[in-house]
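Please open the structure in your viewer and keep the selection tool at hand.

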Amino acid sequence: MSFNGKFELQSHENFEPFMKALGLSEELIEKGKDIKSISDIVQNGKKFKVTVTTGSKVLTNEFTIGEEAMLESPTGEKVKAVVQMEGDNKLVTNLNKIKSITEINGDIVTNIMTLGDISYTRISKRI
């Protein structure tokens, strides 16, 4: 299944506790909690370019499945990581202490990030 497309955040759960656990300031958490981000995913075989625009902040990660890449974490930190594909619709990686699972089903992309015992779920719909 192809991940190609633009997706708008529809809902998210546990944003504030997850961002606090990451060490973000109350001010940044307040600013970010109600902003609807847009994810633009370009997939060409095993190569991916993912651009997430949240307000004025733009985070772009490029990677090839199974190869080490320098990825930007939600805190802005650059970390070396390997993204694996499970089945044909799930991307899994570890960004330091954060495990990220992104799954596409039709027009819905679900991203679950886990840090310790806190999970943050984002659900986005194709636009």
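A residue is called buried when its relative accessible area is under 20%. The model shown is a predicted one.

Select helix H1, residues 15–22. Within H1, the residues Phe15, Phe18, Met19 and Leu22 are buried. These four lie on the same side of H1, because they cover an arc of only 95 degrees around its axis. Next, display what covers the buried residues of H1: strand S1 (5–13), helix H2 (26–32) and strand S11 (118–126) are among the elements found there. Gly23 follows H1 and has a positive phi, near 95 degrees.

**A single side chain.** Now select Met19. Leaving aside residues up to four places away in sequence, Met19 touches Leu24, Ile29 and Tyr120.

**The core.** Select Phe18, Met19, Phe48, Phe63, Leu71, Leu91 and Ile98, which have the most contacts inside the largest nonpolar core, a group of 26 residues. H1 supplies the largest share of this core, four residues.

**The sheet.** Turn to the strands. Nine of them form an open sheet with antiparallel pairing, in the order S4-S3-S2-S1-S11-S10-S9-S8-S7. Strand S4 (57–64) and strand S7 (84–86) stand at the edges with a single partner strand each, so one side of each has no neighbour in the sheet. On average, neighbouring strands are turned by 25 degrees against each other, direction ignored.

Ser11 has Ile123 of S11 as its bridge partner. H1 packs on the sheet, where it touches S1, S9, S10 and S11, and its direction makes about 125 degrees with that of S11.

Definitions and conventions
Residues numbered from 1 in each chain as written. Predicted model: local features only at pLDDT ≥ 70, side-chain atom pairs only at ≥ 80, totals over all residues. Heavy atoms only, no water. Core = buried A, V, L, I, M, F, W, Y, C linked by side-chain atoms within 4.5 Å. Buried < 20%, exposed > 50% of the residue type's maximum accessible area, 1.4 Å probe, protein only. Helix = DSSP H or I, 4+ residues; strand = E, 2+ residues; numbered from the N terminus. Contact = heavy atoms within 4.5 Å. Arc of directions from axis to C-beta. Pairing = 2+ DSSP bridges. Axes fitted to C-alpha atoms, helices over the stretch in contact; angles between N-to-C directions.
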